[in-house]
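Please look at the sequence and the structure shown below, and keep both in view while reading the briefing that follows. The notes are grouped by topic, so that each can be followed on the model itself.

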Amino acid sequence: MATTGGSSVRVGPVPFKDVEHDGDMVTTVPERPSEEHVALVSALPCCTIAGMSNTKLCCYQGFWLPEGLAPAAAALQRRFEPRPSDVIVASLPKGGTTWLVALAFATLARRAHPPGAGDHPLRRLNPHQCLPFLEGMFISGLEGMLDALPSPRLMNTHMPLAMIPGAVPADGAGGGCRVVYICREPKDMVVSLWHYFRRVHPDLEFSEVFDIACDGTMPWGPFWDHILGYWRASVARPENVLFLRYEELLRDPAENVRRLARFVGMPFSAAEEEDGVVRGIVELCSLDSLRGVEANKAGYVDTRTKFPREALFRKGLTDDWKSHMTPEMACRMDDIVADKLRGTGLAFP
Ligand code: A3P
């Protein structure tokens, strides 16, 4: 149990698996959807991903969400009430979620769990077991568990910002919480997504994933609208949204961990800097270190879709797209991105 100053008052974030009843429930969609769920989904445009016929997406307010999670968007919009101290890690799949989840947990929980500790939760749990997955909670009837978590709560989501309106109130309004978004160069993200999908759908062609990314129908897409929602909010309300980039994190992880710590109101003290706490967090969360943890070598990300946890840790490089895309494909995606991002102040060099 995390404590403060030796007292028994719990402080967050606590490793979520340690407080939930069943560690595999974090991202699990119920086998039998509720009537409300069925009614909502049946009213939405839906499609299946070619080559992944059991993967159905439904378009909710302009975003293609996995069918099982679409009603969570409506529930989040209606019922999610952030606390001012909440921190939400947001991303698109394959944007660097797992890395940021680990870094955020290690940073926020460092007083209860120093990064060098042999029993650090990230040495026995998959990073995703340390945080509740927001949409998973809202679809599984586990919202009450969120209420029971001590502050500050640390959660993660793939939802577009529009689905969590309470997190970043409209211009001029106070309140909300803190959101840390990680964004990755889209071509690399799509390549990473294909490798991931292939672990469960080995016959899936790269061109099939490339096409759904380009036409906007990839899960949680269109990716440009997802990224721009958080980007614009980070410009308008930098006190609420920190916009990080995967490539920058690779280039200088320590400096980005310091940014993260300052943003959540827990800057590293001179003593912590001297003790190498930042370096410890970076090492603890490095790809090699996480890959070596038993909990990351076995088991599934989610018991329903059966993606192996070890598939979360692949190469962790930039420019892998060069080994997968023809020049024409790269050009097509670059043109889409340039067109969608024009005038926004955001660019991918
Ligand atoms: P690649 O497939 O390009 O290697 P997500 O966590 O959003 O699913 O993203 C997965 C991607 O992040 C994968 O990219 C994976 O290798 C990379 N990744 C996971 N952990 C990482 C870490 N600690 N450092 C750098 N990259 C990491």
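## Aromatic rings and helix packing

Trp 194 and Phe 206 are both buried. The model in which they are found is a predicted one, and the points below begin with this pair of residues before turning to other parts of the chain.

**The pair Trp 194 and Phe 206**

- The ring centres of Trp 194 and Phe 206 lie 5.5 Å apart and the ring planes stand at 75 degrees, and because planes over 60 degrees apart count as edge-to-face, this pair is classed as edge-to-face.
- Trp 194 belongs to helix H8 (residues 186-198) while Phe 206 belongs to helix H9 (residues 206-214), so the pair ties together parts of the chain that are twelve residues apart in sequence.

**How H8 and H9 pack**

- The helices H8 and H9 pack at an angle of about 130 degrees, and their axes are 9 Å apart.
- H8 and H9 are therefore described as oblique to each other, and their crossing is right-handed.
- On the H8 side, Val 190, Val 191, Leu 193, Trp 194 and Phe 197 take part in the meeting of the two helices, and on the H9 side their partners are Phe 206, Val 209, Phe 210 and Ala 213.

**Other aromatic residues**

- The count of aromatic pairs comes to ten.
- One of these pairs is formed by Trp 99 and Tyr 246, whose ring centres are 5.6 Å apart and whose planes are at 75 degrees, so this pair is edge-to-face.
- Trp 99 lies in helix H4 (residues 97-108) and Tyr 246 in helix H11 (residues 246-251), and the pair thus links distant parts of the chain, 147 residues apart.
- Trp 99 and Tyr 246 are buried, and the charged end of Arg 184 sits over the ring of Tyr 246, 4.1 Å from the centre of that ring.
- Elsewhere, Tyr 181, Tyr 230, Trp 231 and Phe 243 form one aromatic cluster.

- Helix H14 (residues 277-284) is mostly covered, with six of its eight residues buried.
- The buried residues of H14 are Val 277, Val 278, Gly 280, Ile 281, Val 282 and Leu 284.
- These buried residues of H14 pack against H4, helix H12 (253-263), helix H13 (270-274) and helix H15 (287-291).

How values were computed. Residues are numbered from 1 along each chain as its sequence is written. This is a predicted model: local features need pLDDT of at least 70, side-chain atom pairs count only at pLDDT 80 or more; totals for chains, interfaces and linings use all residues. Side-chain values use heavy atoms; hydrogens and water are left out. Rings of Phe, Tyr and Trp (its six-membered ring) pair if their centres lie within 6.5 Å; planes under 30 degrees apart count as stacked, over 60 as edge-to-face and the rest as tilted. Helices (H or I, at least four residues) and strands (E, at least two) are DSSP runs, numbered from the N terminus. Buried means under 20% relative accessible area, exposed over 50%, partly exposed in between (1.4 Å probe, protein chains only). A charge sits over a ring if NZ of Lys or CZ of Arg is within 6 Å of the ring centre and within 35 degrees of the ring normal. Axes are lines fitted to C-alpha atoms, for helices over the stretch in contact, and angles run from 0 to 180 degrees between N-to-C directions. Angles under 35 degrees count as roughly parallel, over 145 as roughly antiparallel, 65 to 115 as roughly perpendicular and the rest as oblique. A crossing is left-handed if the near helix is turned anticlockwise from the far one by less than a right angle, and right-handed if clockwise. Contact means heavy atoms within 4.5 Å.
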